[in-house]
Every structure is written in structure tokens, then in C-alpha cells.
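These are my notebook entries on one structure, written down as I looked things up. I begin with the ligand and then turn to the strands.

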Amino acid sequence: MLPPSFHETQALRSWGRVTQPRQFVQKPAWLNQAAAAVTALDHDGSVLPVGLGRSYGDTALNPDGGVVVTSALDRLIDFDAATGVIHAEAGISLGSLLAFLIPRGFFLPVTPGSQFVTLGGAIANDVHGKNHHEAGTFGCWVEEITLARSDGTIQQLQPGRNDGFFAATIGGLGLTGMILSARFKAIPIRSSLVETETIPFANLAEFFAIAQESETSWPYTVSWIDCFGSRGAGRGLFSRARHVLSGELRAEADATRVSIPFEAPGILLSKPVLQAFNALYYTAGKRHRGTRKTSYKPFFYPLDAIGQWNLLYGRQGLYQYQSVVPPAAGPEATAEMLRQIAAAGQGSFLAVLKTFGPRPSPGMLSFPQEGTTLALDFPNRGESTLALLARLDDIVRAAGGRLYPAKDGRMSGDLFRAGYPRLAEFEPHVDPKFSSAFWRRVKTAG
Ligand SMILES: Cc1cc2nc3c(=O)[nH]c(=O)nc-3n(C[C@H](O)[C@H](O)[C@H](O)COP(=O)(O)OP(=O)(O)OC[C@H]3O[C@@H](n4cnc5c(N)ncnc54)[C@H](O)[C@@H]3O)c2cc1C
């Protein structure tokens, strides 16, 4: 049983919107209330801290259990302007952190593709950004975490201390306890503008050559790939960027320009429409090849400009699929995945290809490892989509790769165990009262 402080159940969805389970919700306003929310449970209840719900699948869902929504825990605690070390409550969004840091000449050391992500969520998924080849994951920059456990203890976690609790909590999927606050190091910048360059590529061989050449001198790289073009040959647009060395330091207030008002009708997701979108996007990108200076937002957070863009995928929602495979397997495994997707005719608007660098991730369950990562959105078409994703699983498994839990809503327990060899080391750190739909699924499903 959950205590009365958990409100009525609410039907909540993750970003992918495939399921809508009922959960008991509590939204504490203060850190002591947040710590209390995870202790006052008797033996039947389970609880999960959640941030802004930007995970696609079921890592931030706890059907029939309690969720503690952290978004009101959004205060800055301390900032050292000499070192860039900042301490904040776990529910603060990356956008709010940027609004504070940029005018002071600092930037997030690592940022995912949305600023509507909390500090706690960024740590619990050990998120990566376009600078992984240079900076590693967000967790590489975290110096201290304050963690509340269901037994009422509050732990101060630091790298290399606390019997592995730090390494378990970075990328720990919210299962080791509730992150109340964290201290991390921001990086210095001299301008909020970025210099970007777009380079079209015709196939995967060209992509890998441009990636290799870029990563020595460009801190940020990412590619959009046309998963319908020429039977999966892998044409696309390579983007690389760096912070401009002088100029204004201006944080932009809100990135959202338009919002999708309702679930889009199925026609928008039909193969001819998606194919035409991909072809047009590629052609427009080719026309805009070359370098330009832009504000940081269009480069780092292009999707944040469209509010609720996940509604474009209609009533059935979407599956994200993000894999990483080791460097030697990258070209062949990526080509085979693109062939399977093209043959199934199930591509999407959004397909992203990137190489991860060698910097080790600090978390026991961190997703990034050196190699090639491919991320795609698939409209949920039921069995046919699940069958395609199972074929992609076989390619990833054979290549010695893994899937990203933050994006996942259906991988098998076998695939999870195969991809995460430190799982046995992680498990003793799980708080016995904490659970999620993802955790129950991968623990019980074959
Ligand atoms: C448009 C878009 C682009 C994205 N791009 C990237 C990308 O480039 N790289 C990348 O790595 N990810 C990316 N993501 C995924 C996103 O960064 C992660 O899913 C992130 O963890 C979401 O944070 P959140 O605050 O929404 O957390 P939620 O989704 O609500 O929760 C995520 C996990 O964190 C746990 N958690 C949240 N708060 C706490 C806390 N206080 N204590 C303990 N555990 C907690 C939850 O239990 C859950 O397991 C993207 C998502 C979107 C929608």
C-alpha cells in the first residue's frame, strides 16, 4: 500500500505514448518532502522518482505503483564562478540551468537533444550528447549526488566512494534511490552562438570518413539519415559545430514556437508521406550545405521548437530504437539495420547516426560505449513494428551491441542482460522499495 500522501491515481504516458498506465502521483515541493515520499511505504508499495517524462518507453513508468514527480524541486543551491561547479535540486530542467549558466559564460558539459529534461533524469539515464567523442556522458561531469533511500538514509555519493553507489546511480534508471540534488561541472564558453557546418553524404562509407575527420577538431557532431533513400544505402546530412570564440552570451527564454494540438491522423505516417518528407529534407539540407553561425538552440534542441511533437505519431504512439555497436561492427551492422528498415517500409521522420568515442561511461548501466549509435522513431503499427524491431535486435546482439533503456519499451530480458554485463554488480544497489515497468519487464521477460 502507498501512503495517503500519494494523490489519486493518474493515467500517465511516457514520451512514446504507447501505453497509459494508472499510477499514484506525488509532487513534492521541498527536498524533505521528497525524501519522506520514498520512505513512508509499507512492504507492498513500490515507488519511482520521475522527471519531465522525456524517456520514450517505460523506464519512467510504475503502473499501479507510486511515482514521485520531481519537477517542483527546481532550485539552484550553489555556483562557483571560478570553477563552473554548480549544485542544484534534481528536478531543475536543463533549460533552466542554461538560463543561469550562459550569461555567466558557462554551458552544460553534455546535453541531450531536449532541454526539457531534469538534472535527475539526465543522471539516471547517464545521457549523452553530440560531443560524446570528446566529453563522454553527463555522468563524467558529476562530482556529487545526494540520494534518499527508502530506509530513511540520505547518502552523499562521490566518484570512487560509497561502495559503488555512485556508479550504480549514474545511469541507474531511478532504481537506487531518489536523487535529491547533484553537483556537476559546467564548461566555459565565450559566446552563446555556435558555428555549424552541414555536409551531405551519399552513403555510410562517406559518413564514417567525415565522422573520423571531424572528431579531431569539432566538439559536436551528429547526422540525420534518410532511412527510405536508395534501399537503405544511408544517405544523409552530417552536422558539426563548435562554440564561437567571442560574442554575446544570451540564453533564450523558450524554444517552443508551435505546438501540435492533437494526435495526428494516420495518413501523415503513411509510407509515401514519410518517404517524401525524407527526400525533401535531404534535398533542402544539401541546398543549405556549408557553414553558418546560429544560436545554440536550433543546433542542440531542434525538436523543442515544436511543442508535443510526439502527437504527430497519432493515437498509437511511437517506439524509439537506439542501439550502439562496437566500432569494428559499425559499418556492417548499420547497413544491415538500414536494409531491414527500408525493406519493411517502416522508417520515420527522425533517424540519427553518430559515433561514440572511447571515454568510459561512469555508470554500471550507462548506455554509451565506443562505437556507432543509430536512433530511429517508428510509428507504432503493432505486430509489424514489433517484428521489425526484433529483427534489428538480432543484428545488435550479433554485433555485440546494446539498446538504450531510456528509449526502450519492449526489449527482452535476454537482450538487456547480454548488453549490460555489469547488471549483477548493479543489482545489490537497487533500493528494495523502488521499481519501474521497465525493471519488472527485463527482470521477468525472457
Ligand atoms: C526530443 C528528445 C531528444 C532526446 N535526446 C537525447 C540525447 O541526445 N541523448 C540522450 O542520452 N537522451 C536523449 N533523450 C532522452 C532523455 O534525455 C532521457 O530520457 C532523460 O533521462 C529524460 O529526463 P526526464 O527528466 O524527462 O526524466 P524521466 O523521463 O521522467 O525519467 C528518466 C529516468 O530517470 C529517473 N529519474 C528521474 N528523476 C530522478 C531522480 N530525481 N532520482 C532518481 N531517478 C530519477 C526515472 O526513474 C527514469 O528511470 C531525448 C529525449 C527527447 C524527448
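**Entry 1, the ligand.** I first looked up polar contacts (pairs of N or O atoms within 3.5 Å), and I found an oxygen atom of the ligand 2.9 Å from a polar backbone atom of Gly-121. An oxygen atom of the ligand also lies 2.7 Å from a polar side-chain atom of Thr-118, while a nitrogen atom of the ligand is 2.8 Å from a polar backbone atom of His-128. I then noted that the protein covers 96% of the 970 Å² of accessible area that the ligand has on its own, an area that comes from the Shrake-Rupley method with a 1.4 Å probe.

I must keep in mind that the model is predicted, that local features need pLDDT of at least 70 and side-chain atom pairs pLDDT 80 or more, and that totals for chains, interfaces and linings use all residues. Residues are numbered from 1 along each chain as its sequence is written, and side-chain values use heavy atoms, with hydrogens and water left out.

Which residues come nearest to the ligand? Of the 35 residues around the ligand (a heavy atom within 4 Å), these are Pro-49, Arg-54, Ser-55, Thr-118 and Tyr-404. I sorted the shell into 19 nonpolar, 14 polar and two charged residues, where Asp, Glu, Lys and Arg count as charged, Ala, Val, Leu, Ile, Met, Phe, Trp, Tyr, Cys and Pro as nonpolar, and the others, Gly among them, as polar. At least two shell residues each come from β3 (47-50), α3 (119-124) and β10 (178-185); helices (H or I, at least four residues) and strands (E, at least two) are DSSP runs, numbered from the N terminus.

Is β6 (residues 85-89) mostly covered or mostly open? I found that five of its five residues are buried, meaning under 20% relative accessible area with a 1.4 Å probe and protein chains only. Val-85, His-87 and Glu-89 lie on one side, and Ile-86 and Ala-88 on the other.

Next I looked up its partners, given that two strands pair if DSSP finds at least two bridges between them. Strand β5 (residues 76-80) pairs with β6 in the antiparallel sense over four bridges, and Asp-80 stands opposite Val-85. The two form a hairpin with four residues between them, and Gly-84 in the turn has a positive phi of about 80°. β6 is also joined to β10 by five bridges, again antiparallel, with Ala-88 opposite Ala-182.

Notes. A polar contact is a pair of N or O atoms within 3.5 Å; within protein, one must be able to donate a hydrogen and the other to accept it, and residues adjacent in sequence count only if both atoms are side-chain atoms. Buried means under 20% relative accessible area, exposed over 50%, partly exposed in between (1.4 Å probe, protein chains only).
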